[in-house]
Amino acid sequence: MLITDLKKDKKHLTKLLLSNGEEVLLDNDVCAENCLKSGAEIDSQRLKELKHESDYKRAKSRALWYLDRMDYTEKNLFDKLIKAGFSKKISAEVLAWLKEFDLVDDVRYAERFAERCKESNISKRECVHKMLQKGIPYDLAKQVTEELETDEEAQINALIERKYARKLLEERGTEKVFAALARKGFDFSAIKAALKKFNEELEFSEEI
């Protein structure tokens, strides 16, 4: 089989036109490194190897581009590469390379995410749920959130002050706020304690 022509297709790609009528896209660097040129012979096995090399190079470059902009879990980055058009095999190989060089780490991601949830007054239960959506395994998400020292009552107090204080003054306000906080995953006893404290402070201020 002969390479009948090489044409620039996109910024980083070259299209190989083959004597059997087939067209193959390869990374520009792969073409240059392997000295591919019009009139050269190439067999199907070599073409397959070059296609794998090209796809791997492009997928690795795309993964690094993603990571330069934000952190990803292993699963989310894998899914991102699949969505970009790379095969599961290539995507898995790239993930293995990233993990080898500590560029993707689910434990590190989970620990940082849990800290951000704590700072944003997000309950441990909701934090676990959010991590599951991002592809963190349940056992890891649960372990990381349990190890995090969190004062749920203080978190609830902050939420009440920022979001629910006025609602508590409405008819059946306490009931509605309790339900809202429960849906956010906070412990019932912590919610009761925080609401009791708010109502006691409200009564005291009204007496003055």
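Asn28 counts as buried because its relative accessibility is 15%, where buried means under 20% relative accessible area, exposed over 50%, and partly exposed in between (1.4 Å probe, protein chains only). This is a predicted model, so to speak of local features takes a pLDDT of at least 70 and side-chain atom pairs count only at pLDDT 80 or more, while totals for chains, interfaces and linings use all residues. Residues are numbered from 1 along each chain as its sequence is written, and side-chain values use heavy atoms, with hydrogens and water left out.

Back to Asn28: you'll find it in helix α1, residues 28-33. Helices (H or I, at least four residues) and strands (E, at least two) are DSSP runs, numbered from the N terminus. Setting aside neighbours within four places in sequence, Asn28 is in contact with Lys8, Lys10, Lys11, His12, Leu13 and Thr14, contact being heavy atoms within 4.5 Å.

Strand β2 covers residues 13-18 and is joined to β1 by six bridges, the two running antiparallel. (Two strands pair if DSSP finds at least two bridges between them.) The whole sheet is open, with three strands in the order β1-β2-β3 and antiparallel pairing. At its edges sit β1 (3-10) and β3 (23-27), each pairing on one side only. Neighbouring strands are turned by 30° against each other on average, direction ignored. Helix α2 (residues 44-69) packs on this sheet, touching β2 and β3, and its direction makes about 45° with that of β3. For those angles, axes are lines fitted to C-alpha atoms, for helices over the stretch in contact, and angles run from 0 to 180 degrees between N-to-C directions.

Now follow the chain to Thr73, in the loop between α2 and α3 (74-83). Thr73 counts as buried because its relative accessibility is 0%. Leaving out neighbours within four places in sequence, Thr73 is in contact with Val104, Asp106, Tyr109, Lys134, Gly135 and Ile136. Take Lys134: it is 61 residues from Thr73 along the chain, yet their C-alpha atoms are separated by 6.7 Å.

What about Phe101? Look in the loop between α4 (88-100) and α5 (106-119). Phe101 counts as partly exposed because its relative accessibility is 49%.

Finally, helix α9 (residues 173-183) has Gly173, Val177, Ala180, Leu181 and Ala182 as its buried residues. After α9 comes Gly185, with a positive phi near 95°.
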